[in-house]
Amino acid sequence: MANAMHIVVCAGIVPDPLQTLEPITTPTGPGLKNEMVLPAVLDPWAASALYEAAALAAKNPGSKLWLVSLGPKAKLQQVMMTVAQKVAFELVPIDGPIGGFPDAHSTAAVLAETIASLPGLNRDKLLLFGGWESATRGAGVTLQLVGERLGITDQFQGVDQIDLRDDGSFEVLERVEGGKHQVSICAGTPAVLGWATGNLAEPRNNPQVGMANMRTIMPALAKAKAAKLDANGLSYLSVSLPKQQRTTRVVKDMTPDQIAAELAEWIGAE
Amino acid sequence: MESILVLTHADETGSALTKASLEAVTAGIDLATRLSAPLTIGIIAADTAASASSLPSSGARLLAVSGEAFAQARYATDADAAEAIQRAASTTIILAPGSSRFTRIMAGVAHRLGGFVDTHITALGGTETVEASRWFYRQRIEAVLSRSARPWFLLLDASTHAAFAGESGAAQVENISVELPALRTTVSGFRAPTQGAQTIRPDAKLLFVAGAGWTKKQPDGQVHVAEAGELILGFLHATNASLGSSKSLVDQGGEGNSVLPFLTHLNQIGQTGATPRHAKGLSTCCHGEEPHVVGWRFIGSRRAISLDPNCGWTRGKADVVYVADAFPVMAKLNALLEAAKT
């Protein structure tokens with residue numbers, strides 16, 4: 001129990017990457033066409049954080065894992081039907097808007113307030129996990145803002161690995177420029193870790209874990225508090241799909257020698 | 001009236017500003033000129049005198065936080081330094097490079113100062129106010145946004161501005177002292193991927209993208225992973241290109257299969273990977289949206305080698321698609337490139 005941790009994972013839900021996205025204007029600002037009916041998944045990098053958190057909790061008996069997620073209740077329920085089968089966690093849902101256009105500062109304020117009021121959370125043992133960037137806004141600021149609001153000044157972003165030591169300290173590998181990792185040693189919790197891909201594969205679906213999770217997820221969804229997000233002076237002047245379409249030359253009748261020669265010339269050209 | 005601060009930091013040598021920092025300086029000068037706003041440049045470095053030597057001709061007021069504690073990137077020290085500089089500068093707009101060092105801290109700093117932050121800014125427009133362009137949904141939707149609240153922090157994506165190149169000289173720098181709390185994090189250094197040679201080169205002119213087709217069965221019914229690895233590394237050696245990969249190819253490595261051992265998730269481009277900026281891109285054996293649309297958003301000239309003449313993702317996205325087997329083409333190409341070197 002020496003290294004028992006309280007791990008809170010912040011994870012949003014995003015449109016399935018295979019869906020075609022089309023921006024529209026709504027009464028509350030920009031949004032996506034048919035946003036509420038697009039199939040959704042747990043944000044990919046936040047999902048990495050969840051799997052890493054579960055692995056860490058499993059290695060350190062006495063640890064506890066919460067998943068805090070802000071989104072429309074109906075969409076959260078849909079996504080949880082799959083996610084709940086992966087690893088064991090306690091869901092803390094917040095009923096709020098979906099998508100990448102709401103202000104990150106408002107999102108962070110709601111998340112921080114929710115985490116601070118989690119029953120049984122020991123903030124001295126807190127590891128705050130999440131994705132380093134979302135697949136919606138992709139700003140990489142929400143988790144950092146939550147950490148700052150909770151008074152945590154040991155923060156790491158683009159994390160691919162954490163190695164916990166017996167004394168409670170841990171080594172963190174963060175992505176930096178040039179395909180390298182910065183290696184840091186942190187004295188211990190509390191800390192914020194914004195995860196990149198990590199090293200773990202996606203866990204296989206486990207129906208038993210799913211059933212155990214759903215026993216607490218459904219009541220939690222029923223009681224989810226509603227959150228309204230302020231714009232904080234943020235306004236959108238335009239939101240559009242990129243229009244650039246290239247005229248592609250499809251070459252079917254060249255030999256490997258000819259293609260290689262053409263490519264060599266192209267590579268050498270300024 | 002707006003006032004502008006550009007936050008910068010030193011590179012790994014500690015004695016020069018990073019290229020991304022100098023790009024932010026250019027953006028700051030442009031914006032200050034356009035808005036007729038006063039410009040301040042803040043520097044975080046172990047040795048700010050050396051770092052500031054490239055800035056006298058910018059005409060900006062120079063503020064700095066220096067010392068050994070600021071030689072390395074760390075949330076606690078960097079956030080305190082950036083906060084102190086902005087408190088001294090007290091500007092309405094803060095520009096900074098979107099480096100790993102500053103993306104780690106700038107939202108926290110904005111919160112401490114009662115401000116707001118937007119990141120991954122690719123362009124700054126507007127005549128009397130500031131309009132910032134950025135992408136949403138992983139480079140699928142582009143938006144132009146503005147904020148009425150101040151201070152407003154804007155992190156600029158790399159390679160969106162030219163690096164400032166003024167005359168070097170002795171700079172007058174106002175040093176700001178920062179009282180640091182007890183530090184709980186120590187930075188012990190950097191670690192390159194253990195699988196072999198460094199293959200990610202952000203400053204390269206060419207991006208080479210390898211897709212999962214390299215590990216599929218070839219016309220002889222066999223897979224030729226070792227040969228694929230040699231061809232790819234040979235091409236990188238000959239061109240100094242940066243190596244990107246599709247998710248499917250990287251995932252195969254993560255599952256313990258014997259495939260292209262030099263590839264890691266850091267090479268991945270697309271929805272859950274990087275969207276790098278290079279003048280040219282050559283994709284090989286890729287058959288999906290990820291490499292051709294999302295991962296290629298900021299690639300200038302694009303060519304692809306693919307066996308699928310009807311690949312919908314290359315049509316309209318690549319300039320040229322060669323319908324061919326990448327193995328013989330790359331072997332011939334490597335030979336030509338090596339011959340040209342000698």
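What share of the contacts in chain B with a separation of 6 or more is accounted for by residues 24 or more positions apart? In this predicted model, such residues account for 66% of those contacts, two residues being in contact if their C-beta atoms, placed from the backbone, lie within 7 Å. As a predicted model, it is described with local features only at pLDDT of at least 70 and side-chain atom pairs only at pLDDT 80 or more, whereas totals for chains, interfaces and linings use all residues. Residues are numbered from 1 along each chain as its sequence is written, and chains are lettered from A and ligands numbered from 1 in the order in which they are written.

Chain B contains nine helices and 16 strands; helices (H or I, at least four residues) and strands (E, at least two) are DSSP runs numbered from the N terminus. The C-alpha trace of chain B extends about 70 × 45 × 40 Å along its principal axes. Of the 342 residues in chain B, 54% are buried. A residue is termed buried if 20 or more other C-beta atoms lie within 10 Å of its own, exposed if 12 or fewer do, and partly exposed in between, with C-beta atoms placed from the backbone.

Chain B is assigned domain 1 (4-175) and domain 2 (206-341), with bounds that come from an automatic or database domain assignment. The centres of domain 1 of chain B and domain 2 of chain B, taken over C-alpha atoms, are separated by 35 Å. Contact between these domains involves five residues of domain 1 of chain B and five residues of domain 2 of chain B. On the side of domain 1 of chain B that touches domain 2 of chain B, one residue is nonpolar, two are polar and two are charged. In this classification Ala, Val, Leu, Ile, Met, Phe, Trp, Tyr, Cys and Pro count as nonpolar, Asp, Glu, Lys and Arg as charged, and the others, Gly among them, as polar.

Chain A has six helices and 15 strands, and its C-alpha atoms fill a box of roughly 65 × 50 × 40 Å along the principal axes. Of the contacts in chain A between residues at least 6 apart in sequence, 78% join residues at least 24 apart.

Helix 1 of chain A is mostly covered, with twelve of its 16 residues buried; among them are W45(A), L50(A), E52(A) and L56(A). The end C-alpha atoms of helix 1 of chain A are 23 Å apart, in agreement with the 22 Å that its 16 residues should span at 1.5 Å a residue; the expected span is 1.5 Å times one less than the number of residues. The buried residues of this helix pack against several strands of chain A, including strand 1 (6-10), strand 6 (64-71), strand 9 and strand 12 (191-195).

Strand 9 of chain A is likewise mostly covered, seven of its ten residues being buried. Strand 9 of chain A runs parallel to strand 12 of chain A, to which four bridges join it, and pairs in the antiparallel sense with strand 10 of chain A over five bridges; pairing requires that DSSP find at least two bridges between two strands. V159(A) stands opposite W195(A) in strand 12 of chain A and opposite E174(A) in strand 10 of chain A. Strands 9 and 10 of chain A form a hairpin with five residues between them, and G168(A) in the turn has a positive phi of about 95 degrees.

Between the chains, 68 residues of chain A are in contact with 72 residues of chain B. Helix 6 of chain A provides the largest share of the side of chain A that touches chain B, namely nine residues. The residues of this side divide into 34 nonpolar, 23 polar and eleven charged. Strand 11 of chain A pairs in the antiparallel sense with strand 11 (residues 185-191) of chain B over six bridges, and C186(A) has T185(B) as its bridge partner in strand 11 of chain B. S238(A), in strand 14 of chain A, touches A143(B) and V144(B), residues up to four places away in sequence not being counted. S238(A) counts as exposed because it has 12 C-beta neighbours inside 10 Å. The C-alpha atoms of S238(A) and P30(A) are 8.8 Å apart in space, although these residues are 208 residues apart in sequence.
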